[in-house]
Amino acid sequence: MRLAALGITPPALDAVFLTHLHSDHVSDFNDVVTTRWVMSVAEAPLRVVGPPGTAAFVDRTLEMLRDDIGYRIAHHDDLNWQPTCDVTEVDEGTAFEQNTVRVTAAPTDHRPVAPTVGYRFEHDGAAVVLAGDTVPCEGLDRLCAGADVYVQTVVRRSIVESVPMQRFRDILDYHSSTDDALRTASRAAVGTLVYTHCVPPIPAGGEQNLLDEARGQFAGELVIPRDLDVVTVAKRG
Ligand SMILES: [Zn+2]
Ligand SMILES: [Zn+2]
């Protein structure tokens, strides 16, 4: 839905990158597969890049879709192939190369969820890191070193700590807090840090509090975006 809002039609989607297989990160994957498949004019496998375990997850997803696939093939005369995926499992190193885009992966630390990876996307001298859920770790530092943009899923530690339910507080031990993300960003000297997947979510107008909290902790720019916001990479001298 977000890609469609950007004017990107599903068949134009070349590849999907998964950092890990937690449900909140993959529950919409089946919809991407289905929408791209029914909108394509010819069979074209969807490239899927993810940590070891991704191929089995994709197989199970396609199996889950079996009834739906049958309904659609029965309904559309010219749809006579099944959706397929071309899966690459990575834990370290080159994850994807196409034209001038290069993506590298490194292991992250979201245990007991394992294995997990983060990605560094490079194109035309710019580098953007999508970290996924992870605590600060060596692999993350390597991905982030000197990056222009570092996108980190974050939890808001002080609020989560105040919730009187241990099962909720458990999330603190395998996510980066906002302070963790600021420290990783500083260590790596990234240009722009972007918070995403904030837990709990930021109420409308609440961004300023987080910007205030970050003051003095990170020399670059901190961005707290809404869906579909665009982050522009400034050329750094
Ligand atoms: Zn997760
Ligand atoms: Zn998550």
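**Local backbone features, domain contact and sheet packing**

Asp124 is exposed, as 7 other C-beta atoms lie within 10 Å of its own. In this predicted model, Asp124 belongs to the loop between β6 and β7 (126-130). The phi angle of Asp124 is near 50°, which is a positive value in a residue other than glycine. A positive phi is also found at Leu228, a residue other than glycine, with a value near 80°. Leu228 is part of the segment after β11 (221-223). With 8 other C-beta atoms within 10 Å, Leu228 is exposed; the cut-off for this class is 12 or fewer.

Two peptide bonds in the cis form were also examined. The bond from Ala114 to Pro115 is cis, with omega near -5°, and Pro115 is placed in the loop between β5 (101-107) and β6 (117-123). The bond from Val199 to Pro200 is likewise cis, with omega near -10°. Pro200 is found in the loop that runs between β10 (192-199) and α10 (207-214).

At the level of domains, the protein is divided into domain 1, residues 1-89, and domain 2, residues 90-226. The contact between them draws on 11 residues from domain 1 and 15 residues from domain 2. On the side of domain 1 that touches domain 2, the elements that give two or more residues are β1 (15-17) and β3 (85-89). By class, this side of domain 1 consists of 5 nonpolar, 4 polar and 2 charged residues. The C-alpha centres of the two domains are 26 Å apart.

Strands β1 and β3 also belong to an open sheet of 3 strands, in which the order is β1-β2-β3 and the pairing is parallel. Because β1 and β3 stand at the edges with a single partner strand each, one side of each has no neighbour in the sheet. From one strand to the next, the twist averages 20°. The pairing of β2 (residues 46-50) with β3 is parallel and extends over 5 bridges. Within this pairing, Val48 has Val87 of β3 as its bridge partner. Helix α4 (residues 54-64) packs on the sheet and touches both β2 and β3. The direction of α4 makes about 155° with that of β3.

Helix α3 (residues 29-39) contains the buried residues Val33, Arg36 and Trp37. Seen down the axis of α3, these buried residues fall within an arc of 100°, and therefore line one face of the helix. In general, an α-helix has 3.6 residues a turn, so residues three or four places apart point the same way. The elements that cover the buried residues of α3 include β2, α4 and β3. On the face of α3 turned away from the buried side, Asp31 and Met39 are exposed.

Ala5 is exposed, with 9 other C-beta atoms within 10 Å. Ala5 and Thr178 are separated by 173 residues in sequence, and their C-alpha atoms are 28 Å apart in space.

Note on methods. Residues numbered from 1 in each chain as written. Chains lettered and ligands numbered in written order. Predicted model: local features only at pLDDT ≥ 70, side-chain atom pairs only at ≥ 80, totals over all residues. Domains from an automatic or database assignment. Contact = placed C-beta atoms within 7 Å. Helix = DSSP H or I, 4+ residues; strand = E, 2+ residues; numbered from the N terminus. Nonpolar A, V, L, I, M, F, W, Y, C, P; charged D, E, K, R; others polar. Pairing = 2+ DSSP bridges. Axes fitted to C-alpha atoms, helices over the stretch in contact; angles between N-to-C directions. Buried ≥ 20, exposed ≤ 12 C-beta atoms within 10 Å, placed from the backbone. Arc of directions from axis to C-beta.
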